[in-house]
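Here is a quick tour for someone meeting this structure for the first time. Take a look at the model, then read on.

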Amino acid sequence: CIEGFSSVKSFLSLYRFQACIYFASVFQAMSCGIHYLASVFMAVTPNFVCGFPGNVSSVLFHNSSTSSIEDIWTLWTSTENYIVVQLENREIWELGQCSRSKREAGLDLAYEYEGNKSVFPCSDGFLYDDTKWKSTVVTQWDLVCDREWLAKLIQPTFMLGVLVGAVIFGDIADRLGRQRVIWFTSAGQFVFGIAVAFTFDYYSFVIVRFLLAMVSSGYLVVAFVYVTEFVGIKARTWASMHVHAFFAMGIMIVALVGFLVRTWWVYQIFLSIATLPFVLCCWMLPETPFWLLSEERYEDAQKVIDTMARWNKVSTPCKVSELCSVQQDDPASGDNDTSSTKKHNILDLFCNWQIARRTITVWLIWFTGSLGYYVFSLSSVSLGGNEYLNLFLIGAVELPCYIIACLAMDKLGRRNTLIPFLILSALICVLIMFIPQDFNILIILANMAGKFSIGVAFGLIYLYTAELYPTIVRSLAVGSGSMMCRVGSVVAPFCVYLRSVWIFMPLLLVGIMALLSGILTIMLPETLGKPLTNTLVEATEMGRKKKSSSEKTPPAHSGAALEKIEMFGQERVGTDK
């Protein structure tokens, strides 16, 4: 660990410009974690019963009698329970969750009643338990009983927006640049986050949340690419992986704010305010030299490089004109010009068999990581006890897994870390099936271990994907991978529903997918210590075993130029390795 933390310290001291860019960008990742998990408390369904027509004089629940229905909620244990109330006009009603019954005879207030009843719908609304939450979107718009399905759609529709945003903004970032997308999505998170709190009905709430999901997903996808292209090889692992750590901190903030604020729209406003500091300063973030060079905007790239030199106190910054002089004199540069100006789409991720096979494997890992992450997370939430503490621990447990992942990635490599942790998560799924159900603590520890192992793979795949693909389609690759990730997150709740078929069915599915992903990962190339590629040709060659004779072939000039820029921040340390 000491070696890893010394690497971070070196990064902060030697690369001041990159450090400022990094921390400004990942600060906003907390906001993404906040919005992704906000509905955990915002859409809570408390205990409830039908309303009654009149003023109540006495309330009866089993053997407990009181004059206020609020005193009954502490005794409520099951959705099959009902409350008996006597009104001031002497009418006696049985209040269930989705219906109410009026007793036709009998003036004595008793819980059990065998006489005739008239059943009525809940036309007078509902009474909710407000001991924990004063207001939620469920209580505000009565999303219970025949409208319960609307409440269950809140998170899936949000995740659908995340899926759409990952694809759209990933592609836009490759076309228009990372900087503009970061500006738009960060401002969008603040605007839509505040707007959610002031929606006037369920449908406007869902629509605004969908837009919020799109910009949140778009920011997270492009932020990974943005920091990856600014940070050199030496600190790329720690910098990219700990974007996830800030996302996890956002989850912990949700637990803290949920504990302190119990009205949903106030809760939403407090969560959205976290975005404001970044919105005020995000316009100062520059475009990455990688993207500028891929678009042949050499003067703008030189300005960014000169700024980096001043911040990092480098006396002799590199010159773009020198890096690209060989390419400009090359007769074949016309072909490169054509390819650099070409507008790329998702089909470029299947341009040849090497890249297509890589894309399919990467997509499967994204899907499996998300599926396993949310299946284990849902199991953790149902551990019992304090739900706020549970959510806080769910976020906190991710922090050490990213540290372990970083150390392993730098020592063993990306692929050699991904394979064992995917297979380990599959083995843990099998292990849980053999643990007796009355061994609760052991089951909890095994589920935490499963989430830890799948969390390493889930966090690693962001950086690994960015390194496997060239600059011209890097955002698109990460965006499409994030799309598969969102598909997994949408499927995860339905996977959990399969517990009604067999209690271990979700774990079996996650285990099979994790094992398959781990096996296919063996065919992926290792990217540890290698410069980022700029063209699809370079990316394809990275996946092939070169013969010794091929070393005589000079590398693509654009890739060499970008490699020098990537290593630019390391000029101060000379040959120190």
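In this predicted model, helix H17 touches helix H18 through Ile394, Gly395 and Ala396, which meet Glu398, Leu399 and Pro400 on the H18 side. Sorted by class, that contact has four nonpolar residues, one polar and one charged. H17 covers residues 387-396 and H18 covers residues 398-411, and the two pack at an angle of about 5° with their axes 5 Å apart. Angles under 35 degrees count as roughly parallel, so H17 is roughly parallel to H18.

Which rings pair up here, and how do they sit? A search of the whole structure turns up 19 aromatic pairs. A pair of rings is described by how far apart the centres are and by the angle of the planes.

| Ring pair | Centre distance | Plane angle | Type |
|---|---|---|---|
| Phe169 and Phe184 | 6.0 Å | 35° | tilted |
| Phe259 and Tyr388 | 5.8 Å | 75° | edge-to-face |

Take the tilted pair. Phe169 sits in helix H6 and Phe184 in helix H7 (residues 178-197), so this pair ties together parts that are 15 residues apart in sequence. Phe169 is buried, with a relative accessible area of 8%.

Now for the edge-to-face pair. Phe259 belongs to helix H9 (residues 233-260) and Tyr388 to helix H17, so here the parts tied together are 129 residues apart in sequence.

How many residues does H6 have, and how far does it reach? H6 runs over residues 154-176, which makes 23 residues, and spans 32 Å from its first C-alpha to its last. That is close to the 33 Å expected at 1.5 Å a residue. Just after H6 comes Gly177, which takes a positive phi of about 110°.

Finally, the wider view. The protein chain has 24 helices and eight strands. Of its 577 residues, 54% count as buried. Among the chain's contacts with a separation of 6 or more, 77% come from residues 24 or more positions apart.

How values were computed: Residues numbered from 1 in each chain as written. Predicted model: local features only at pLDDT ≥ 70, side-chain atom pairs only at ≥ 80, totals over all residues. Heavy atoms only, no water. Axes fitted to C-alpha atoms, helices over the stretch in contact; angles between N-to-C directions. Helix = DSSP H or I, 4+ residues; strand = E, 2+ residues; numbered from the N terminus. Parallel < 35°, antiparallel > 145°, perpendicular 65-115°, else oblique. Contact = heavy atoms within 4.5 Å. Nonpolar A, V, L, I, M, F, W, Y, C, P; charged D, E, K, R; others polar. Expected span 1.5 Å × (residues − 1). Phe/Tyr/Trp six-rings, centres within 6.5 Å; stacked < 30°, edge-to-face > 60°. Buried < 20%, exposed > 50% of the residue type's maximum accessible area, 1.4 Å probe, protein only.
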